[in-house]
Amino acid sequence: MSVQQESANQATTIAAVSSGAGASAVAVIRVSGPQAGPALQTLAGMLPEPRRARLATLRHPADGAALDRGLVLWFPGPRSATGEDLAELQIHGGPAVVAAVLGALFSLGGIRPAERGEFSRRAFLNGRMDLTEAEGLADLISAETEGQRRLAFAHAFGHLGQRVEAWRLRLVRAMALIEAGIDFADEDDVPAEARALARPELQALLAELEAALADRRGAMMREGAVVAIAGLPNAGKSSLINALAARDVAIVSDEPGTTRDVLEVALDLRGHKVTLLDTAGLRDAVGKVEAEGIRRARHRIAQADLVLWVHDASVGRPPFARPEIDAAPAGALWLVASKIDAATDEYDGTVPGWAEQRLALSAATGAGVDGLVDALAGFVGTRASGTDHPALIRARHRRDATEAACHVRTAMSGWDGLSDELLAEELRLAARALGRMTGVIGVEDVLDVVFREFCIGK
Ligand SMILES: Nc1nc2c(c(=O)[nH]1)N(C=O)[C@@H](CNc1ccc(C(=O)N[C@@H](CCC(=O)O)C(=O)O)cc1)CN2
Ligand SMILES: Nc1nc2c(ncn2[C@@H]2O[C@H](COP(=O)(O)OP(=O)(O)OP(=O)(O)O)[C@@H](O)[C@H]2O)c(=O)[nH]1
Ligand SMILES: [Mg+2]
């Protein structure tokens, strides 16, 4: 959909429940668009003073039948969440009450159900927020841990958007300097001087972009750390995930090769999200299904932030200095000695040459499990720590920032050899990539991706 079509589309009025599905004490229905005022007037019999709650009996326009008594609010545009005329009906949350009030609104004509994210999309199109703020709001609504909430809150209120817009404006200024040179190409010193002014500014900007790209905390904070439990068959991996989750999530049996599919469990460890993976025991597979399970296990182990290599202490010391995982994990690797309640010798969980974290525990008795939880919380806490918030927290942000940095780098490295025109073009492409991130330039396709993530009513 083009931006022009989208603006025309905003002539329609939308309505939806914004307070979530299912019965609740109170439900909030929002109506946004030109029919919001007339609709509220018709159902409530009056328009309250702007931005003041009033108690009203809501009646069906066809027969005047009372539907509910609730609080109504009126936000004339542009001072509203969407920037349009917006009415809010805070009614009792029973499903039939909500259905009756929505039915009455739709019966008026000119009002249709809102699509997923459509209120936020209108807020964006009306300049009430940029795209990174809209994403922050989506994250705020789905935040499950304190760490996720803090990060989402910062982004919802401009943490990234303001930085990106400042970067973009600096590029535009550098471009203007160089283009001034183009206009005065016949006067020899002007271009040289203009270029000299732009250069240190661009160098500083590139350093900032590169620092933001080097900060890898974002994905870990937003999506949580991925911790893979790996080891030989029967090592006690599934028993360990059950102990950590405090639930019977995985099948445990003395038959080696029990686990096939990768099982995921999300945990909140002191405000940080951790996704634990239980994986198939690694060995030469017995059958096709187990082979596929092991292939999947290796794939996830290789990508995990942390691998817990579980070694069965009841069979004694592990026969290796470090576990033989063919695909070396990109993340950290800890050794966890399991079944210490059944350990045969005085094996204490140590392995010669093993420098990283070592832990010993028993899923059966629970000994050592708290120690592992503490260590995991410490691990994620350290990885996600810092007094500032990471800026580039989504693949979309990284893509655009990488592209911008790439164009600035090209400009800097080719500096003396590049004509003013080519230099300005690289900077223009860099500014465009940053503009796409906040949505200040042509982003129809990006809009769908961003707003698809929202629920109905946002
Ligand atoms: N009942 C209710 N609670 C809610 C929302 C809502 O829509 N309804 N929100 C839904 O997201 C959030 C609050 N977001 C809002 C954002 C802007 C405006 C607004 O009216 N802004 C005007 C006036 C600001 C002012 O009074 O100073 C403006 O910015 O011009 C209202 C809510 C969370 N709580
Ligand atoms: N004594 C003792 N036995 C344990 C402990 N943890 C697991 N076991 C036993 O070890 C066997 C294997 O446990 P699982 O958790 O299924 O092992 P796994 O590593 O998931 O095995 P696969 O999925 O086949 O790779 C089962 O018989 C468990 O009861 C423990 O802490 N102490
Ligand atoms: Mg298992």
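Two residues are in contact if their C-beta atoms, placed from the backbone, lie within 7 Å. Of the contacts in this chain with a separation of 6 or more, 66% are accounted for by residues 24 or more positions apart. The model is predicted, and local features need pLDDT of at least 70, side-chain atom pairs count only at pLDDT 80 or more, while totals for chains, interfaces and linings use all residues. Residues are numbered from 1 along each chain as its sequence is written, and chains are lettered from A and ligands numbered from 1 in the order in which they are written.

Start with the whole chain, whose secondary structure comes to 15 helices and 12 strands, where helices (H or I, at least four residues) and strands (E, at least two) are DSSP runs numbered from the N terminus. Of its 458 residues, 42% are buried, that is, with 20 or more other C-beta atoms within 10 Å of their own.

Next, select I29, V31, V101, V227, A230 and L308, the residues with the most contacts inside the largest nonpolar core, which has 119 residues; such a core is a set of buried Ala, Val, Leu, Ile, Met, Phe, Trp, Tyr and Cys residues joined through C-beta atoms within 7 Å. Staying on V227 and leaving aside its neighbours within four places in sequence, you will find contacts with V274, L276, L277, A304, D305, L306, L308 and L376.

Move on to strand β3 (residues 54–59) and strand β4 (residues 66–75), which pair in the antiparallel sense over six bridges, pairing being taken to need at least two bridges found by DSSP. Selecting L58 shows a residue whose bridge partner in β4 is D68, and among the six residues between the strands of this hairpin, G64 takes a positive phi near 75°.

Now show ligand 1, which is surrounded by V28, F75, R79, S80, A81 and E88, a residue being near a molecule if its C-beta atom, placed from the backbone, lies within 6 Å of it. Around ligand 2 there are 24 residues, of which S238, S239, D254, T259 and G281 come nearest, and helix α10 (residues 237–245) gives the most to this shell, with three residues.

Finish at helix α14 (residues 420–438), whose buried residues include L423, A424, E426 and L427. Just after α14, select G439, which takes a positive phi of about 90°.

Notes
A residue is buried if 20 or more other C-beta atoms lie within 10 Å of its own, exposed if 12 or fewer, and partly exposed in between; C-beta atoms are placed from the backbone.
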